[in-house]
Amino acid sequence: MTSGASTQGTGDAGDGDTEDGGTQDVGTGTVHLPDVTWAGPDLTLPEPPDDLAYTDLADWRARTLLDRHGIGADAAGLRDALATQQGPLLVAAAHAAAGFDELRDALHGLLPHPDDAVGVEAAYALARQGDAAGVDALRAALARPVGPYLSPLTAAGYLARLGDATGYPLVRDGLATDEQAVDARAVTMLAAKQVLFFLPLDGRAAAGTTVDAAGLVARALAHPDPAIGEQVRAELERSPLPLAARLLADARG
Amino acid sequence: MPDSLRAVAHARPGRARRADAPAPPAPSSGLLRLQRDGGNAAVARMLGRPVRRPGAAGGDVAAATAHRAGEVRRTVSVEIRRGPAPEALEPATPRARATSDHDAPTAAEPETATPDAVAAALAAQVVAPVDAGDGRTVTLPDLVVPADLGGPEQDAVAGAITYSPSVAQAGVVSPFGATRWSTFTISGISVTPDAGTYRVAFTLVNPITYNVASGGCTDIPSATAPAITHANFAAVAADLTPDLTDDGGRPPRTAFWAEDLTLRHERFHATERQGFATAGAQAAQAWLSAQTASSVVDVALLVAQVPARVVASSQASAGDVHTKESRAYGDGAALYQARADAIRARGATGAYPGAPAPGGTP
């Protein structure tokens with residue numbers, strides 16, 4: 001992935017050059033910065049194996065994406081990626097780094113990353129390594145406003161996978177996001193992607209309420225956007241949990 | 001730490017503010033004003049810390065973020081030769097450099113933004129050291145730069161993003177097709193420092209391209225395609241029949257494909273991605289407008305994060321691989337089925353070349 005500034009500034013009214021390669025209007029104080037082109041990586045992935053459990057999908061996706069871009073899934077390759085990549089490939093590298101204790105220092109360094117998605121992936125990787133700082137960072141991520149930030153929903157799912165239901169209200173409410181809300185589709189779909197992780201926590205107390213797994217599934221299936229129900233249905237199909245099978249049967253009812 | 005600060009911090013006795021020390025500047029003046037007018041680079045040079053540039057490595061950005069949160073601590077260990085205390089503060093050596101910083105071409109000369117102010121504030125906190133003998137360590141209290149002198153002022157950011165997508169058939173792809181949607185150009189970036197707010201506006205250009213490839217298969221644009229014969233019509237129909245157990249209706253296409261329906265499939269992805277990115281750009285604008293910055297450089301760093309945020313939003317919206325493709329194949333399933341049915345019906349009537357004559361021996 002590359003990103004970089006073009007060589008041509010965009011300000012035709014500027015009368016002074018800045019160190020950033022832009023120009024500045026002295027009269028208005030407006031700074032015109034040069035164009036930036038961001039060529040994101042190809043995120044197209046093959047179909048996951050039919051027998052891949054939904055709980056393993058994120059690991060598979062990270063490994064497959066890194067492999068597709070020639071990034072080795074060993075400690076050395078991931079360490080290099082953690083230091084040099086950005087955006088989706090850095091997110092994937094941070095996720096895949098969970099399997100390497102020797103990358104703990106690099107993951108700690110990513111916790112305060114400006115891209116909150118990177119910080120959450122690093123936090124989850126650390127948490128999977130048994131590092132309490134990762135759990136703390138995931139819990140802290142729940143406080144960000146959903147909409148402008150999507151990582152709280154990811155963090156909620158990761159916490160659920162760790163047996164912590166704290167983020168349940170975010171997922172429940174995300175499934176009922178108003179269509180007029182900021183990035184409503186992304187919020188609702190991302191909430192839907194976390195539903196399966198709360199099935200093992202069904203009935204558990206969470207942030208002043210109780211996890212209602214069946215309620216989450218019902219809410220998703222009843223969503224006016226059929227893609228939301230389809231997403232949750234696909235999760236249930238890829239789960240060995242008896243409760244998933246029962247909820248799926250109910251859904252097919 | 002500049003030399004002047006180092007010397008003064010060591011030598012100035014007493015907690016009380018020196019009578020001749022300058023009063024702390026008002027929050028909107030001093031370092032803060034220099035920072036606002038001259039940018040981070042000016043202040044960084046003055047205070048002797050690294051300057052962050054747009055596109056800096058992630059580690060630098062992370063460190064900068066931590067710095068803004070007041071979490072970065074630096075341990076300083078220096079050796080200072082013992083000698084008489086200075087009579088007065090040294091002149092502010094970096095001042096001229098700071099005001100000639102190119103972050104802002106005509107930055108006003110800072111009226112009170114001198115290292116003297118910071119030095120005096122630090123000096124005022126130093127307890128008079130005992131006259132330690134050689135080889136004895138004297139522990140000094142922590143020195144804290146007062147908030148109104150220390151960290152750069154954080155102003156709000158008001159973002160205005162114009163999302164400008166385009167969709168075109170272009171590029172070389174692997175069979176049977178692909179849609180590329182994750183390239184962005186941020187153009188026309190303007191940053192206007194206003195009262196307490198950096199107003200930033202730019203256009204997020206998103207050229208979405210799609211294309212298809214046959215993979216060696218024969219195109220079947222309709223039930224009357226010349227490639228269809230009596231011998232192969234059943235195979236053609238089978239190749240174009242949507243498999244409803246596979247991603248909502250993926251046709252097998254082992255030897256025959258329908259270019260027009262494959263183009264429709266990719267256009268579905270392109271249109272969907274355009275919609276996702278439209279919402280993602282709105283979310284990125286909301287995110288941008290919830291940030292703070294202390295310089296144009298900070299704003300540029302924030303703007304540079306926008307494409308990745310839009311990509312993340314689009315990925316979140318798309319659902320997992322299975323559901324994404326199910327929607328696209330589902331969109332074309334009825335058309336595939338209709339074409340396959342028409343081919344079978346036509347073949348059953350013996351309308352394709354090579355069919356036995358009516359009443360003839362098969």
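## Where chain A meets chain B

Across the interface of chain A and chain B, 20 residue pairs are in polar contact, both residues having pLDDT 80 or more. Keep in mind that this is a predicted model.

Let's start with the side of chain A that touches chain B. At least two residues of this side come from each of these elements of chain A: strand S3 (31–33), strand S4 (36–39), helix H1 (57–68), helix H3 (87–96), helix H9 (184–192) and helix H11 (226–237). By type, the residues of this side are 25 nonpolar, 13 polar and 13 charged.

How many residues does each chain bring to the contact? Chain A gives 51 residues and chain B gives 58 residues. Between them the two chains bury about 4,300 Å², and 54% of this is on carbon and sulfur atoms.

Strands take part too. S4(A) runs antiparallel to strand S3 (residues 183–194) of chain B, and four bridges join them. Within this pairing, Thr37(A) has Thr185(B) as its bridge partner.

There are three salt bridges between chain A and chain B.

| Pair | Distance |
|---|---|
| Arg61(A) and Asp320(B), side chains, salt bridge | 2.8 Å (N to O) |
| Gln291(B) and Tyr149(A), side chains, polar contact | 2.9 Å |
| Gln291(B) side-chain polar atom and Trp287(B) backbone oxygen | 2.9 Å |

Now take a look at Gln291(B) itself, in the loop between helix H7 (259–288) and strand S7 (292–293) of chain B. Is Gln291(B) buried or exposed? Gln291(B) counts as buried because its relative accessible area is 15%, under the 20% cut-off. Leaving aside residues up to four places away in sequence, Gln291(B) touches Tyr149(A), Asp155(B), Ala156(B), Val157(B) and Leu302(B).

Key. Residues numbered from 1 in each chain as written. Chains lettered and ligands numbered in written order. Predicted model: local features only at pLDDT ≥ 70, side-chain atom pairs only at ≥ 80, totals over all residues. Heavy atoms only, no water. Contact = heavy atoms within 4.5 Å. Buried area = accessible area lost by both parts, 1.4 Å probe. Salt bridge = Lys/Arg side-chain N within 4 Å of Asp/Glu carboxyl O. Polar contact = N/O pair within 3.5 Å; in protein donor to acceptor, adjacent residues only side chain to side chain. Nonpolar A, V, L, I, M, F, W, Y, C, P; charged D, E, K, R; others polar. Pairing = 2+ DSSP bridges. Buried < 20%, exposed > 50% of the residue type's maximum accessible area, 1.4 Å probe, protein only.
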